[in-house]
Amino acid sequence: MWHMLLKIALLSLALEQSSRCGAASTYNNPSSNARHFPSDFMWGVGSSSYQIEGGWNADDKGESIWDYLTHNNREKIVDQSNGDISADSYHQWRRDVQMVRELHVTSYRFSLSWPRIMPGGYMNHVSTAGIKYYSNLIDELLKYNITPMVTMYHWDLPQRLQELGGWTNPEIIPLFKDYARLVLEMYGDRVKLWTTINEPWHVCEHGYGVDYMAPSYNFPGIPAYLCGHNLLKAHAEVVHMYREQFQQRQGGRIGITVDTSWPEPKNPDSAEDREASERAMQFYIGWFAHPIFSKHGNYPKVMIERIRNMSKQQGFGSRSRLPEFTPEEIHRIKGTSDFFGINSYTSNLVTPNGHNNTGKFPIPSFNHDMGVVESQADVDWPGSGSVWLKVYPKGMYNLLMWIHREYNGPEMIITENGVSDRGGLEDYARVDYINLYLSAVLDAIEDGANVKGYITWSLMDSYEWKAGYTEKFGLYHVDFSSPERTRTPKISARVFGNICKTNTIDWSFRPKLNEEQLVASARLPAEEAAENGGARLKWSLALLLSVVLAWIHC
Ligand code: NOJ
């Protein structure tokens, strides 16, 4: 109770103070006037197949690399859990659509599980049940005028294909194309917004370079680049196929979603730190975006040169660890996206990796090739439920403006942005995060960035990969101990719903728990209820600190 009172007192102090202090900092000013988005702005909410569906072996679904990893290496998952049942969207999809409707979004971004549709990865076996599952979901969304935005690949590769080397084997290119052709044939009459692959950097570097995501190769400096090479070609083949055989008839659009945190120069006055920031952008985003969105295509020059030189020095001879595209391939990949999908959550401070790249990274490795050290140690940005995620909305502004400048003003859709906590329904920290990040998006739009949509992550609490169920990103709480995986809106669901309905950020809209939420709140498991209180306390202290700083500043 006392922290509730403290928070109310602090909030009123903060509101009073910020109105006195004026707009000293756009991103810390909860009293900013309501701000409006363009009338055609697209609002959405997202999820992905492995994270929410469960039904891991329902009907004839095949094993995915995440089924394999979580069943065979439980110790790699923080709480040793898996997505076998997760939020059980395989059965609860009608409730999911109801939630999407409650949020007043115009679009729902979800992904298709390749092994649910083609259990072994090949077209010799297509699952009727798998096809039907997504078909029902799409129909239900359309019934309520919600646009499905479908990702073909969000990390759950059929395990059988991994046994062939997964994305490091060029055979993946025709296989991905066969899978894509089938889903375009099955759903393209109703799905008008497609992305091929979610977050290629994570697929390749976290899957193959380090032991982080399935398939956990932990083989630095070589297979991630093979993965990237095949992935770009597979993406381009699918887009060409769509454009040649489907687009005219079906009238949809297709693109890709890349991701990065914003690399803020550690010392903005240091030319070296600014260069490190630029290099990080080229390595994280440019690796995949330069071949597709730049004027001349191909990998960024700085990647080609650094990896070629280092490969030589490291004794790899004249063949760079970064494979080369032929001129025909460069041409074929260039321009293969109808929009720029971007996922981003946070920022890092960056500086070069020691003098002459002599810092601590393994040699060879992606990080050593990039030669940039990232950290969040020296920042006072508020934290979240994930160690890697700190709140720095200006980073979102900087990132959008960088993409705008670098790729000549492409149409952008923010395909993921959101924040984690450790549970509970009173997620005011998420409300503040969304308001703050949306303010930064609006600033970028006002400064010319062509941002056409914002899709928040995530519709509901779900399986957060290696963090298992410990980190919650949902606007809806899921009771993972109830057989029907009961979903309850958090405060953020009501606030985001209001934003989408009114097209407006309204800082004054901070509802309290309603009756339904109070009942659900009483049923929260003890750890989550405690987290709720803990989070409130931490947020109150952060607010107190910002009030004090605002006073000093004034
Ligand atoms: C990006 C991924 O696409 C998504 O699957 C994940 O849950 C979020 N980041 C949060 O970590």
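1. Let's start with strand 2 (residues 42–46), which pairs with strand 12 (residues 451–457) in the parallel sense over five bridges. W43 stands opposite Y454 in strand 12. Two strands count as paired if DSSP finds at least two bridges between them. Strands (E, at least two residues) and helices (H or I, at least four) are DSSP runs, numbered from the N terminus.

2. A word on the source: this is a predicted model, where local features need pLDDT of at least 70, side-chain atom pairs count only at pLDDT 80 or more, and totals for chains, interfaces and linings use all residues. Residues are numbered from 1 along each chain as its sequence is written, and side-chain values use heavy atoms, with hydrogens and water left out.

3. Strand 12 also pairs with strand 11 (residues 412–416), again in the parallel sense, over three bridges. Here I413 stands opposite G453. Strand 11, helix 16 (residues 428–446) and strand 12 make a right-handed β-α-β unit. Right-handed means that, with the strands pointing away from you, the path from the first strand over the helix to the second runs clockwise.

4. Why is strand 12 largely enclosed by the rest of the structure? Because six of its seven residues are buried. Buried means under 20% relative accessible area, exposed over 50%, and partly exposed in between (1.4 Å probe, protein chains only).

5. Now the ligand. Among the residues surrounding the ligand are H154, Y345, E416, W457 and E464; the cut-off is a heavy atom within 4 Å. A polar side-chain atom of H154 lies 2.9 Å from a ligand oxygen atom, and an N or O atom in the side chain of E464 is 2.5 Å from an oxygen atom of the ligand. The protein covers 95% of the 290 Å² of accessible area that the ligand has on its own (Shrake-Rupley method, 1.4 Å probe).

6. Keep an eye on E416, which lies in strand 11. UniProt lists E416 for "active site" in an unreviewed entry, and such annotations may be inferred rather than shown by experiment. E416 counts as buried because its relative accessibility is 4%.

7. Most residues other than glycine have a negative phi, and most peptide bonds are trans. Yet a cis peptide bond joins W457 and S458, with omega about 20°. N145 and N357 are not glycines, but N145 has a positive phi of about 65° and N357 one of about 60°. Are they buried or exposed? N145 is exposed, at 70% relative accessible area, whereas N357 is buried, at 15%.

Note on methods
A polar contact is a pair of N or O atoms within 3.5 Å; within protein, one must be able to donate a hydrogen and the other to accept it, and residues adjacent in sequence count only if both atoms are side-chain atoms.
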